[in-house]
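In this notebook I record, entry by entry, what I looked up in one structure.

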Amino acid sequence: MDIFSKCFAYSYANTLRAKGLYPYFHALETRQGPEVVMEGKRRIMLGSNNYLGLTTCPEVLEAGLKAIEQYGTGCSGSRFLNGTLKLHLELEAELADFLHKEACCTFSTGFQSNLGILSALVGHGDYVLCDKENHASIYDGCRLSYGRMLTYGHSNMEELEIQLQKVPESAGCLIVTDGVFSMGGDVAKLPEIVALARKYGARVMVDDAHGLGVVGEGGRGTASLFGLEDEVDVIMGTFSKSLASLGGYAVASEAVIDFIRHNSRPFIFSASIPPANAAVALAALRYLRSHPEIVDRLCALSSYMRRGLKARGVPIIESNTPIIPIYTYTAENTLLKAKRIYEKGVYVNTVLPPATAADKCLLRTSYMATLTEKLLDEAIEVFAGELAEVSA
């Protein structure tokens, strides 16, 4: 059999294109800001993870340009060899300090961070326990490891305890969870997770890709939100959201980070973060530290939007984060509504199976601190006109 036969038989994308409902790969023609030009038309951007809006911050832009002038465009090697810049070390030191951990290790992407952390820490005979709604990179990191993965129902602490009871006392065990879940916008039950970890001798890792800059003291994330920074053993995050760049990181004790640096294949065998990306992430981090009020502004805007949608009868999923999912139920209805909303000048993301149940499809909206109430009011009118009548 031809290995490409599956490619020739694949028809889903072409079927959606033929119906005019294909929702992917819309091309941006401007910067990633509150308003963008996408495919020749002005749109309000409500589908970006640029939570703090720092992709257009003058200080952040200047830092990227200066890094290119000083270091060039790339490192052309791994961190192990010729790819470590003073800039990388500064970024790692300041991230560790900001997140109240001893040490930090950076990776070339957020996805690669989870691959690198989990595959290094979870070895033969170890167990990793995974929330069923964790990010795909966590699942792939677990698969890349040599340990055994056990899953538990989303934020179901009873199931988590049942799975913990299956782990032999002689085995190492790591519980890994998103801090802020990327689709639902809900926050992990971290106090209960930590309590169970203590009870059963497990360690805890939090993927805070959507938590950094969003929740916690000064945007320090989920562990900070609950006052559990000393109880969470490893915190992973990404630069591609609140820090306006590309790359990822792990923070933990010095011993854990040193082990990851010397045993993580995705870290050892990948080129390091390009100078501009590292400089931008560092500048964004420094901006966040100097302007913690931007996190409060993000929270206020998200609450404003949540109230506005509910007042107009739009069926949202409740959360306390800048991720506000809107129920659209079936895949066909979701695609149709997304198209109409896009045509009316608002960009949102569709969430379809297998990312959700067949009857629980969503439009995922997400918000930036640089949006305005005026823009949100305009978007609310569009949503209300298209979605207030939606029913299961």
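Entry 1: one residue. I looked up Ile-323 and found it buried, because its relative accessibility is 1% (buried means under 20% relative accessible area, exposed over 50% and partly exposed in between, with a 1.4 Å probe and protein chains only). I note that the model is predicted, so that local features need pLDDT of at least 70 and side-chain atom pairs count only at pLDDT 80 or more, while totals for chains, interfaces and linings use all residues. I also note that residues are numbered from 1 along each chain as its sequence is written, and that side-chain values use heavy atoms, with hydrogens and water left out.

I then asked which residues Ile-323 is in contact with, leaving aside its neighbours within four places in sequence. Among them I listed Tyr-51, Val-180, Phe-181, His-210, Arg-306 and Arg-364 (contact means heavy atoms within 4.5 Å). I also compared positions along the chain: Ile-323 and Gly-47 are 276 residues apart, and their C-alpha atoms are separated by 9.3 Å.

Entry 2: the strand around it. Ile-323 lies in strand S10 (helices, H or I with at least four residues, and strands, E with at least two, are DSSP runs numbered from the N terminus). I found S10 antiparallel to strand S13 (residues 361-366), with 6 bridges joining them (two strands pair if DSSP finds at least two bridges between them). In this pairing Tyr-327 stands opposite Leu-362 of S13.

Entry 3: the sheet of seven strands. I recorded an open sheet of 7 strands with mixed pairing, in the order S3-S9-S8-S7-S6-S4-S5. Its edge strands are S3 (103-107) and S5, each of which pairs on one side only. From one strand to the next, the twist averages 20 degrees (axes are lines fitted to C-alpha atoms, for helices over the stretch in contact, and angles run from 0 to 180 degrees between N-to-C directions). S3 pairs with strand S9 (residues 248-252) in the antiparallel sense over 5 bridges, and Phe-107 stands opposite Gly-248 in S9.

Which helices lie on this sheet? Helix H7 lies across S4 (127-131), S5 and S6 (173-178), at about 155 degrees to S5. Helix H8 (residues 190-200) packs on the sheet as well and touches S5, S6 and S7 (203-207).

I then looked at helix H6 (residues 136-144), where Ser-137, Ile-138, Tyr-139, Gly-141 and Cys-142 are buried. The buried residues of H6 pack against helix H5 (110-121), S4, S5, S6 and S7.

Entry 4: a loop residue. Is Ser-155 buried or exposed? Ser-155 is buried, because its relative accessible area is 11%. I placed Ser-155 in the loop between strand S5 (148-152) and helix H7 (157-164). Not counting residues up to four places away in sequence, Ser-155 touches Asp-131, Phe-181, Asp-186 and Lys-189.

Entry 5: the sheet of three strands. I recorded an open sheet of 3 strands in the order S1-S2-S11, with mixed pairing. The edge strands are S1 (35-38) and S11 (346-347), each pairing on one side only. S1 and S2 (residues 41-45) pair in the antiparallel sense over 4 bridges, with Val-37 opposite Arg-42 in S2. Helix H15 (residues 373-387) lies across S1, S2 and S11 and runs at about 100 degrees to S2.

Entry 6: a helix pair. The axes of helix H3 (residues 58-71) and helix H12 (residues 275-290) come within 8 Å and cross at roughly 145 degrees. I listed the contact residues, including Ala-63, Gly-64 and Ala-67 of H3 and Ala-279, Val-280 and Ala-283 of H12.

Entry 7: the cores. The largest nonpolar core has 64 residues, of which Leu-129, Leu-160 and Ile-175 touch the most other members (a nonpolar core is a set of buried Ala, Val, Leu, Ile, Met, Phe, Trp, Tyr and Cys residues joined through side-chain atoms within 4.5 Å). The largest share of this core, 9 residues, comes from H12. Apart from this core lies another, of 29 residues, among them Val-314, Ile-316, Ile-380 and Val-382.
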